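Here is a short tour for anyone who would like to get to know this protein at the level of helices, strands and side chains. Have a look at the sequence and the 3D view first.

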Amino acid sequence: MIKITLPDGSVKEYAKGTTPMAIAKSISEGLARNVISALYNDTTVETTTPLYNDGTLTLYTWNDDNGKKAFWHSTSHVVAQALEILYPGIKLTIGPAIENGFYYDVELPEGVISEKDFDTIEKKALEIARGKHDFKMRAVSKAEALDFYQAQGNNYKVELISNLDDGTITFCDHDTFTDLCRGGHIPNTGIIKAIKILSVAGAYWRGDEKNAQLTRVYGISFPKQKELTTYLTLLEEAKKRDHRKLGATLELFTFSKKVGQGLPLWLPKGAALRERLEQFLKKAQKKAGYEMVVTPHVGQKELYVTSGHYAKYGEDSFQPIKTPKAEEEFLLKPMNCPHHCEIYNAKPFSYRELPKRYAEFGTVYRYEQSGELHGLTRVRGFTQDDAHIFCTPDQLDEEFKNVIDLSLYVLGSLGFENFTAQVSVRDLSKPEKYIGSVENWEKAEQAIINAAKEKGLNFKVESGEAAFYGPKLDFMVKDALGRNWQLGTIQVDYNLPERFDLTYKGSDNGLHRPVMIHRAPFGSLERFIALLLEHTGGNFPLWLIPDQAIVLPVSEKHEKYAEKVLNSLENYDIRALVDKRNETVGKKIREAEMNKIPFMLIVGENEEERQTISVRKHGGEDLGSLTVNDFASLVTTEINSTLKSF
């Protein structure tokens, strides 16, 4: 018999060789009908995998992220089989599940796959799926695996297998199709009821521009057709909300090939929006006891060698900048924390002076592959709302909870109300990925979990998601389209204080190590603004939007009164402009709607006589005739309802 521990902590005994599906049936037939994947002792297994040792078992359905991952990975096998049938001579490479769906990278014998081919691929894949073929895993020797793919002339799979250890290689079979695979599949293809090929793109083998360019086929699948229909509807809405499109329409930012890929240029309205976000956070930080600092855009290579960042991320950074002095090298700043460590090191501190909270809107630079760049969400230069808190171990708990409060204030003021928290800890099976002592890691991880519990956060613990120098708490926000994004992060770090020899004098007059907290509620201004654009569809909170109102004179003879209204609005700190173009009021309203301006203030003969304005709200609601004072009160009330005090 073996003892199986379930997620609720209960322990049940089963005969050796029992499968996850059999365990699901022992719990309930309803659960068994819905189980599609399982996790056994932190390893993804099939529902048909025999279990021979004591262990912890988690059963996944379609409603679990890991269930979806198994579902989409399994579909990638089905689509790969369809591609092999439709394109004889095709070479398959890898086909993982991704956040929404899957992709498969292939080398075509000739020609291209275009949008007109999607329907054919989908039909063939669904035809295969309807066969209800079981996914079966089998172990193969390295020699057998190499022979299989060498016979096909598939140099990509041969390369993958060459880097694997004998005894660790497995194939997955379904129907007449075989693929090199580690596992993690649904029971059979029949569960897949709807498949959609979404797009094709170029992709370099192993992400290296020096390697062959492949065709990447993106797709998604569902256990019900109506779920695909809903997803495609949301996808269309997402296209309308694409921050790249809205950013151009609202004149917030642009890119220039001459300036360089991944380096955004902020236009006046976008720069003003950034400034308001900065001032919003600076005001809250000042109340929370932060001090602003400024650090340079470059640092000596040795700085990042000391921090450990160069060894970990050196290949992903811009190449060192050499100076006329021999062996002197600088890097474009890839992160702010080493600079802040040196600011702390500039003078000795007593425990009475801690915590020290240094904040900076620091611009950093990281070299991203050109194929991975995407609008503002993946760039090569971005500004972090970075801060680093240096505190005593006794202060850690309170400081961490204070940062949680600040992060919740930021998310709430910007309309991100639907979120969960993720505690990211080490992967205990891969200690080589992390720096620092096990003791310090355990203390840091427990501190985060305790703070999350005390703050009543809805959180989950994710193994293997920690930064290389410490665990972290991430806020996972669900946007208006139901998509999940990571916004804001808080990290506990015992390691950089060690590496930079940071100290403070304790009450015993001895020198002690401070603990370091890294935090960035926005993450980066670029990515945050991109996600805010898509979440709101460009309808920013009233306190943040570039133009809060636009004055629309009915004709040229009312322009003087329109200017008077504008001046009055400025006295109330309301951001407004006048549209003096020789166009109809109807056209001006339509364009103001398109530009997401919250209020349209129409002034004509009646308004001028009564010294009022006719107020139309974005979306078409008529608020009637108001004085400027009454309108200002309306704006103040709406702002206060969203922008709470900190």
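This is a predicted model: local features need pLDDT of at least 70, side-chain atom pairs count only at pLDDT 80 or more; totals for chains, interfaces and linings use all residues.

Let us begin with the helices. Helix α5 (residues 142–152) packs against helix α6 (residues 155–162) at an angle of about 165°, and their axes lie 8 Å apart. The crossing of the two helices is left-handed. On the α5 side, K142, A145, L146, Y149 and Q150 take part, and they meet K157, V158, I161 and S162 of α6. Sorted by class, this contact has 5 nonpolar, 2 polar and 2 charged residues.

Next comes the sheet. Three strands form an open sheet in the order β17-β19-β18, with antiparallel pairing. The edge strands, β17 and β18, each pair on one side only. Between β18 and β19 the antiparallel pairing runs over 2 bridges, and I321 stands opposite F330 in β19.

| Strand | Residues |
|---|---|
| β17 | 298–300 |
| β18 | 321–322 |
| β19 | 329–332 |

Finally, take a look at the loop between α11 (309–313) and β18, which is where S317 lies. Is S317 buried or exposed? S317 has 9% relative accessibility, so it counts as buried, the cut-off being under 20%. Beyond its neighbours within four places in sequence, S317 is in contact with P334 and Y367.

How values were computed:
Residues are numbered from 1 along each chain as its sequence is written. Side-chain values use heavy atoms; hydrogens and water are left out. Helices (H or I, at least four residues) and strands (E, at least two) are DSSP runs, numbered from the N terminus. Buried means under 20% relative accessible area, exposed over 50%, partly exposed in between (1.4 Å probe, protein chains only). Contact means heavy atoms within 4.5 Å. Axes are lines fitted to C-alpha atoms, for helices over the stretch in contact, and angles run from 0 to 180 degrees between N-to-C directions. A crossing is left-handed if the near helix is turned anticlockwise from the far one by less than a right angle, and right-handed if clockwise. Ala, Val, Leu, Ile, Met, Phe, Trp, Tyr, Cys and Pro count as nonpolar, Asp, Glu, Lys and Arg as charged, and the others, Gly among them, as polar. Two strands pair if DSSP finds at least two bridges between them.
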